[in-house]
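Please keep the sequence and the model at hand while reading.

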Amino acid sequence: MALDKNSNAFTFGFALVMVVVVGAVLSSLAMGLKPLQLKNQADKKRIDILTAIDVDANRTNAAELFDKYVVERVVIDYEGNVISSNTGEVDQLDDKDAFNINIRAEYRDRSIKPEGRNYPFYKCDKDGKNLYVIPMVGNGLWGAIWGFVALEDDFNTVYGASFDHATETPGLGAEISLPMFQDPFKGKQILDDQGNYKSIEVKKGGAEAGNPHQVDGITGGTITSDGVTEMLQRTLKVYHRFFNKNNA
């Protein structure tokens, strides 16, 4: 029986077959690319962590340099107690490994209160010096912002910092990802002269000369700058509890 290509039944059937075929192809492509996407995400995280300790890495050597400099991966709770500690190669199936903790997902999940989140950090050994890289996440003007701050072994002085964003405005808030914003964090301190927690403020209008707790805000990027300040204040306070216990 000859098909009537002008009939509604033929048109509907053809469309249905195309939807199934295209859907199957796209699904296969997505599944096939998933391992590559996960590797790229892992390499990007390694690069961000290494940037915070002033190690220049790329996707080619990120894994090698990460294994060289990161000597321990630790997860603490909100009160600063250790939940897990890992060394050696990262096991992607170990959901207790600090490297596998998705702090952005936990931050977005409104059902998880700050007291219920995981707080990972990375202990690094660079040139015989212990450094502690702390990941963090917050809100900018248009979406998520995040960063990695490295503290020296006095648990007070910033060794380096890297920040990035999802959708901040180019030329304004997006400048948090540039060295011109990140470099001034080096040498800043999160404790006052009495050892009390103080954090670091991204100061609108410019940091006060010689103030160890301020860096210059971004002109025209006030909301993003305030987001970085809030992110630092909220996150570093948790880690200060851990450092305070272990530096007694």
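## A threonine in a helix

T229 is buried, having a relative accessible area of 18%, where buried stands for under 20% relative accessible area, exposed for over 50% and partly exposed for what lies in between, computed with a 1.4 Å probe on protein chains only. T229 belongs to helix α5, and helices here are DSSP runs of H or I with at least four residues, strands being runs of E with at least two, both numbered from the N terminus. Leaving out residues up to four places away in sequence, T229 touches I200, E201 and V202, a contact being heavy atoms within 4.5 Å.

This is a predicted model, in which local features need pLDDT of at least 70 and side-chain atom pairs count only at pLDDT 80 or more, whereas totals for chains, interfaces and linings use all residues. Residues are numbered from 1 along each chain as its sequence is written, and side-chain values use heavy atoms, with hydrogens and water left out.

## The sheet

Six strands, in the order β2-β1-β3-β4-β5-β6, form an open sheet with antiparallel pairing; two strands are said to pair if DSSP finds at least two bridges between them. At the edges stand β2 (82–86) and β6, each of which pairs on one side only. On average, and with direction ignored, neighbouring strands of this sheet are turned by 20° against each other.

The antiparallel strands β5 and β6 are joined by 7 bridges, and G147 stands opposite F163 of β6.

## Helices across the sheet

Helix α5 lies across β1, β2, β3, β4, β5 and β6 and runs at about 135° to β4, with axes taken as lines fitted to C-alpha atoms (for helices over the stretch in contact) and angles running from 0 to 180 degrees between N-to-C directions. Helix α2, in turn, lies across β1 and β3, at about 80° to β1.

In α2, which spans residues 62–69, the buried residues are A62, L65, F66 and Y69. These residues lie on the same side of α2, because they cover an arc of only 105° around the axis, the arc being that of the directions from the helix axis to the C-beta atoms. The exposed residues E64, D67 and K68 are on the other side of α2.

## Nonpolar cores

A nonpolar core is a set of buried Ala, Val, Leu, Ile, Met, Phe, Trp, Tyr and Cys residues joined through side-chain atoms within 4.5 Å. The largest one has 32 residues, of which F163, F185, V228 and L232 touch the most other members. At least two residues of this core come from each of β1 (70–76), β3 (119–126), β4 (129–139), β5 (144–151), β6 (158–165) and α5 (222–246), and α5 gives the most, with 8 residues. Apart from this core lies another, of 28 residues, including I47, V55, F66 and Y107.

Not counting residues up to four places away in sequence, F185 touches V158, A161, F163, I200, V202, V215, V228 and L232.

## Two loop residues with positive phi

D127, in the loop between β3 and β4, has a phi near 55°, a positive value in a residue other than glycine. F155 likewise has a positive phi near 55° without being glycine, and is found in the loop between β5 and β6. Are these residues buried or exposed? D127 counts as exposed, at 73% relative accessibility, whereas F155 is buried, with a relative accessible area of 11%.
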